Amino acid sequence: MAGSSHGHTPAAWTGVIIAFIGFCVSGAFMVLASPLGFWAGMVIVVLGGVVGMAMRAAGLGQPKNAHPTHQVASAES
């Protein structure tokens, strides 16, 4: 995956960072036994995915044709 720049885009980094912050918020409120804070963190996690997809749609993500097509070995060999 390193050769194809998989995930090395502003859209991927931003989405993952926002989701990570959401997981941290949810984890903290889980320990504090606060269901409202936990679900607020889960909303932040979903927001990270939405922001990442919006940034990809805006052209800040990996183009769909960036990955080369892999050939499968035939059974005749």
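Does A33 count as buried, partly exposed or exposed, and at what relative accessibility? At 65% relative accessibility, A33 counts as exposed; the classes are buried under 20% relative accessible area, exposed over 50% and partly exposed in between, with a 1.4 Å probe and protein chains only. The points below set this residue in its context.

1. Basis of the note. This is a predicted model, in which local features need pLDDT of at least 70 and side-chain atom pairs count only at pLDDT 80 or more, while totals for chains, interfaces and linings use all residues. Residues are numbered from 1 along each chain as its sequence is written, and side-chain values use heavy atoms, with hydrogens and water left out.

2. Overall content. The chain has 2 helices and 0 strands, these being DSSP runs numbered from the N terminus (helices H or I, at least four residues; strands E, at least two). Of the 77 residues in the chain, 18% are buried. The accessible surface is about 5900 Å², and carbon and sulfur atoms hold 73% of that area; areas come from the Shrake-Rupley method with a 1.4 Å probe, and for residues only the protein chains shown count as cover. Among contacts with a separation of 6 or more, 60% join residues 24 or more positions apart, where contact means heavy atoms within 4.5 Å.

3. Helix packing. Two packed helices are described by the angle between their axes and the distance between the axes. Helix α1 (residues 10-31) packs against helix α2 (residues 35-60) at an angle of about 180 degrees, and their axes are 7 Å apart. That angle makes α1 roughly antiparallel to α2 (under 35 degrees is roughly parallel, over 145 roughly antiparallel, 65 to 115 roughly perpendicular and the rest oblique). The axes are lines fitted to C-alpha atoms, for helices over the stretch in contact, and angles run from 0 to 180 degrees between N-to-C directions. By class, the contact of α1 with α2 comprises 16 nonpolar, 8 polar and 1 charged residues.

4. Residue A11. A11 belongs to helix α1 and is buried, its relative accessible area being 5%. Beyond residues up to four places away in sequence, A11 touches G52, M55, R56, L60 and G61. The C-alpha atoms of A11 and A58 are separated by 9.2 Å, although the two residues are 47 apart along the chain.

5. Residues S26 and M42. S26 lies in helix α1 and is buried at a relative accessible area of 3%. Leaving aside neighbours within four places in sequence, S26 is in contact with F38, G41 and M42. M42 is found in helix α2 and counts as partly exposed at 22% relative accessibility. With the neighbours within four places again left aside, M42 contacts F23 and S26. Between the C-alpha atoms of M42 and I21, 21 residues apart along the chain, the separation is 9.8 Å.

6. Aromatic pair. The structure holds 1 aromatic pair. The rings of F38 and W39 have centres 4.9 Å apart and planes at 80 degrees, so the pair is edge-to-face. Rings of Phe, Tyr and Trp (its six-membered ring) pair if their centres lie within 6.5 Å, with planes under 30 degrees apart counted as stacked, over 60 as edge-to-face and the rest as tilted. W39 is exposed, with a relative accessible area of 55%.

7. The loop. A33 lies in the loop between α1 and α2. Most residues other than glycine have a negative phi. A33, although not a glycine, has a positive phi of about 55 degrees.

Terms used
Ala, Val, Leu, Ile, Met, Phe, Trp, Tyr, Cys and Pro count as nonpolar, Asp, Glu, Lys and Arg as charged, and the others, Gly among them, as polar.
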